[in-house]
Structures are given as structure tokens and as C-alpha cells.
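Here is a short briefing on one protein chain. Keep the structure in view as you read, and find each residue as it comes up.

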Amino acid sequence: DARAAFRRAEAMCDQQRFAEAVPLFQQALQSLSADSQVPPGVVAEVWAHLGVALQSLDRVPEAIDCYKRAGSLDRSLHVCFANLATLHAYLQEPEKALEYITTALSLDPTNETYQQIRQHFTGGSRPAGSSRDGGRKQGEASDGDRG
């Protein structure tokens, strides 16, 4: 059952057991893909969570793919675009990073973290989240940033 797999994966993430969470998120996605009645936003959330788990394991290309899939299914997931921005910055791709943080800000214009990240790319200071704050990887938005 997709819901049960997702809940187990979330619990693994809460315990920082990301390697164990990844196959559970993948199982949830496989179950969801078999059901044409599932709203795209639900599938997008699972892709987003899988992206966070992969990012936490430093599996950057796979995390980027997950965030892109999530964003294509649900354009309101601004945190995915912010995470894409910081991952592209990490990969030394400032043009893509600026594009994604601009998208995130268009969805959540008052988000101070996103404003700081954009300022970094347009000539400001170091982006928020560029150091390991509270155990989060570079650019990984906190739950409070989801809106």
C-alpha cells in the first residue's frame, strides 16, 4: 500500500535513516503509478520527499531529477524549486540556480530564505543554507519553508 510505504519512509527520514527511506518512497511511487485516480499533487509530494532523502545522501543528480518531477506535477511546490536552485549552485551552475530560485520566489515572494539565495546570485552575500544548519544539507529547506 502506497500510504503505508510513504509513512514508513517518512519515519525513516525523521530518524535520519535516509538510505532505508529511499526504497520505501520508490515503492510508494510504484504503487501510485498503478492507480490512475491518484491526484498529481499526491505523487508530486512523494517525489519531493524522495528528493530530500536522496539529497541527504549526497545523491545530487538523482535528487535533482526528483525535484524536477515533483515540480512538473505540482508547480506550487516552491521548496522543490528552491532545492533545485541550491543544488545547481552546488554544481557550479549559477544560471540554472538563479532560474530556479526566481521560480521559487514567484510562488512564495515573501520567503526570506529564497530572497537571500537570489541575492547571492545577483551580487549579494552567501546564501542561507550554504552551511550545514541544523543537520540539513546545503539548500534543503525546512518544513517551515513549505508554506
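From the N terminus on, the elements run α-α-α-α-α-α-α. That comes to seven helices and zero strands. The model is predicted. The protein has 147 residues, and buried residues make up 46% of them.

**Overall contacts**

**The largest nonpolar core**

- The largest nonpolar core holds 46 residues. Phe-25, Leu-50 and Ile-101 touch the most other members.
- Which elements give two or more residues to this core? They are helix 1 (2-14), helix 2 (18-33), helix 3 (40-56), helix 4, helix 5, helix 6 (94-107) and helix 7 (112-121).
- Helix 3 gives the most to this core, with nine residues.
- Look at Leu-50 next. Leaving aside neighbours within four places in sequence, Leu-50 is in contact with Val-22, Phe-25, Gln-26, Leu-29 and Cys-66.

**Helix 7**

- Tyr-114, Ile-117 and Phe-121 are buried in helix 7. These residues lie on the same side of helix 7, because they cover an arc of only 60° around the axis.
- What covers the buried residues of helix 7? The cover includes helix 5 and helix 6.
- Asn-111 sits at the start of helix 7. A side-chain oxygen of Asn-111 reaches to within 3.0 Å of the backbone nitrogen of Thr-113.
- Gly-123 follows helix 7. The phi of Gly-123 is positive, near 110°.

**Asp-74, a buried charge**

- Where is Asp-74? Asp-74 lies in the loop between helix 4 (60-73) and helix 5 (78-90).
- Asp-74 is buried, yet Asp-74 has no salt bridge. The nearest side chain of opposite charge is that of Arg-75, 8.1 Å away. A salt bridge needs a side-chain nitrogen of Lys or Arg within 4 Å of a carboxyl oxygen of Asp or Glu.
- Which side chain does Asp-74 join through a polar contact of 2.6 Å? The partner is the side chain of Ser-76.
- Asp-74 also touches Gly-41 and Ala-44, not counting residues up to four places away in sequence.

Key
Residues numbered from 1 in each chain as written. Predicted model: local features only at pLDDT ≥ 70, side-chain atom pairs only at ≥ 80, totals over all residues. Heavy atoms only, no water. Helix = DSSP H or I, 4+ residues; strand = E, 2+ residues; numbered from the N terminus. Buried < 20%, exposed > 50% of the residue type's maximum accessible area, 1.4 Å probe, protein only. Lys, Arg positive; Asp, Glu negative; His and termini not counted. Polar contact = N/O pair within 3.5 Å; in protein donor to acceptor, adjacent residues only side chain to side chain. Contact = heavy atoms within 4.5 Å. Core = buried A, V, L, I, M, F, W, Y, C linked by side-chain atoms within 4.5 Å. Arc of directions from axis to C-beta.
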